[in-house]
Amino acid sequence: MSGKRITIREVAAAASVTAQTVSRVYGGKGYVSAETRKRVLEAAKELNYIPNHTAAALRKGDSKIIAVVFDSLCNIYFSIMVDYIHREVQKRGYTLQTIFVDSHIITENIYRHALSLGASAVISFLETDPALDKAITTFNSPLIIFGRRALSDHIDYITTDDVQGGRLVASRLIEGGCKTFLYASEAFDMTCVKDRFSGFEEVLSKHGFSSDIIDCSGGAEKTLTEYIQSGKLPDGIFCLSDMIGYGVLKTLKKLNISGVKVIGYDDIQSDITLPVNLTSVGLNKYEYVVYVLSKIIDKIEGRLTGRIAEKVPVTLYVGETG
């Protein structure tokens, strides 16, 4: 076996018809007699022909492909969200194209790459590059930023209300009797990092408190251990994500420290089983995905125009840790 893919022209030659006739048989458009259709299908079966529906859709400008761009295969939150997006995309008759990039910013080149793969629209979990504005205007293919604020007036976004999430965490920790606070985060240039801390700091300040900040980009254990060994031990820790939150809990256990309240963000334990029920800010992620996809498909299919810039309400889910 050569592994060579059979072409539409080879099917046409075997069936003694034109390539256009084979195209009509598989495209379902245009008249083809029952006898000719049967001959084409028999030839295709004999040759093990597999029609390239994506190429045909691209020629017609109707690929029904939605690309999703993310930057970490190890982040459980992304795994959950991409799984939900895949399920919902299929329900709506579209195909999902996943694109993993080693960058927390979606650039014009990444956007162009998604379009080159046939995407009718792009969903991105990444921050935006200012240079994207021109590309969005030029190609007019929807791009929606998911879970981040887009600072450009030309780029759509739907995100959780991260400022309110930060407020909920601060209020919970203060009500729990905490007096000293720590924000365990990473990637400090991201809008969600800034917004979550903004809400957290706002409520702390109203009660006469402030918070230290540590950078957990390389993992929580080393940074938190060094922080505690410097003589500081917070009563309450707000973690940018549940992934950081579980790293904090592991570190506290390793250091034999108890009594510290830890609150995360994303509420991933509502979607997968984990050994510790972390108190966390979140929302129903499947409903969130359904809402975002309804918006972007409405844009693809021309039912929605104008910019999308929305924040979705969040809830504090109380677990065992805070």
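Biologist: Is D266 buried or exposed, and at what relative accessibility?

Modeller: This is a predicted model, in which local features need pLDDT of at least 70, side-chain atom pairs count only at pLDDT 80 or more, and totals for chains, interfaces and linings use all residues. Residues are numbered from 1 along each chain as its sequence is written, and side-chain values use heavy atoms, with hydrogens and water left out. Buried means under 20% relative accessible area, exposed over 50%, and partly exposed in between, with a 1.4 Å probe and protein chains only. D266 therefore counts as buried, at 13%.

Biologist: Where does D266 lie, and what is its phi?

Modeller: D266 lies in the loop between β11 and β12 (279-282); strands are DSSP runs of E of at least two residues, helices are runs of H or I of at least four, and both are numbered from the N terminus. Most residues other than glycine have a negative phi. D266 is not a glycine, yet its phi is positive, at about 125°.

Biologist: Which loop holds N256, is N256 buried or exposed, and what is its phi?

Modeller: N256 lies in the loop between α11 and β11 (261-265). Its relative accessibility is 72%, so N256 counts as exposed. N256 is not a glycine either, and its phi is positive, at about 60°.

Biologist: Is K285 buried or exposed?

Modeller: K285 is found in helix α12 (residues 285-300). Its relative accessibility is 1%, so K285 counts as buried.

Biologist: Which backbone oxygen lies 2.9 Å from a polar atom of the K285 side chain?

Modeller: Contact means heavy atoms within 4.5 Å. Leaving aside neighbours within four places in sequence, K285 is in contact with Y77, I80, M81, Y84, D266, D267, I268 and D271. The backbone oxygen at 2.9 Å from a polar atom of the K285 side chain belongs to D267.

Biologist: At what angle do α5 and α12 pack, and what is that arrangement called?

Modeller: Helix α5 (residues 76-91) and α12 have their axes 9 Å apart and pack at about 50°; axes are lines fitted to C-alpha atoms, for helices over the stretch in contact, and angles run from 0 to 180 degrees between N-to-C directions. Angles under 35 degrees count as roughly parallel, over 145 as roughly antiparallel, 65 to 115 as roughly perpendicular and the rest as oblique. The angle therefore makes α5 oblique to α12.

Biologist: Which residues make the contact of α5 with α12, and how do they divide by class?

Modeller: On α5 they are Y77, I80, M81, Y84, I85, R87, E88, V89 and K91, and on α12 they are K285, Y286, Y288, V289, V290 and L293. Ala, Val, Leu, Ile, Met, Phe, Trp, Tyr, Cys and Pro count as nonpolar, Asp, Glu, Lys and Arg as charged, and the others, Gly among them, as polar. The residues of the contact divide into 11 nonpolar, no polar and 4 charged.

Biologist: What does K295 touch, and is K295 buried or exposed?

Modeller: K295 lies in helix α12. Not counting residues up to four places away in sequence, K295 touches I158, L304, I308 and E310. At 19% relative accessibility, K295 counts as buried.

Biologist: How do α8 and α9 cross?

Modeller: The axes of α8 (residues 162-175) and α9 (residues 191-206) come within 7 Å and cross at roughly 40°. That angle makes α8 oblique to α9.

Biologist: What are the classes of the residues in the contact of α8 with α9?

Modeller: The α8 side includes V163, G166, R167 and I174, and the α9 side includes D195, F200 and L204. The residues of this contact divide into 9 nonpolar, 3 polar and 5 charged.

Biologist: How far is V101 from D71, C-alpha to C-alpha?

Modeller: V101 is in the loop between β2 (95-100) and β3 (105-106), and is buried, with a relative accessible area of 11%. Leaving aside its neighbours within four places in sequence, V101 is in contact with V69, F70, D71, I110 and L126. V101 and D71 are 30 residues apart in sequence, and their C-alpha distance in space is 5.0 Å.

How values were computed. A polar contact is a pair of N or O atoms within 3.5 Å; within protein, one must be able to donate a hydrogen and the other to accept it, and residues adjacent in sequence count only if both atoms are side-chain atoms.
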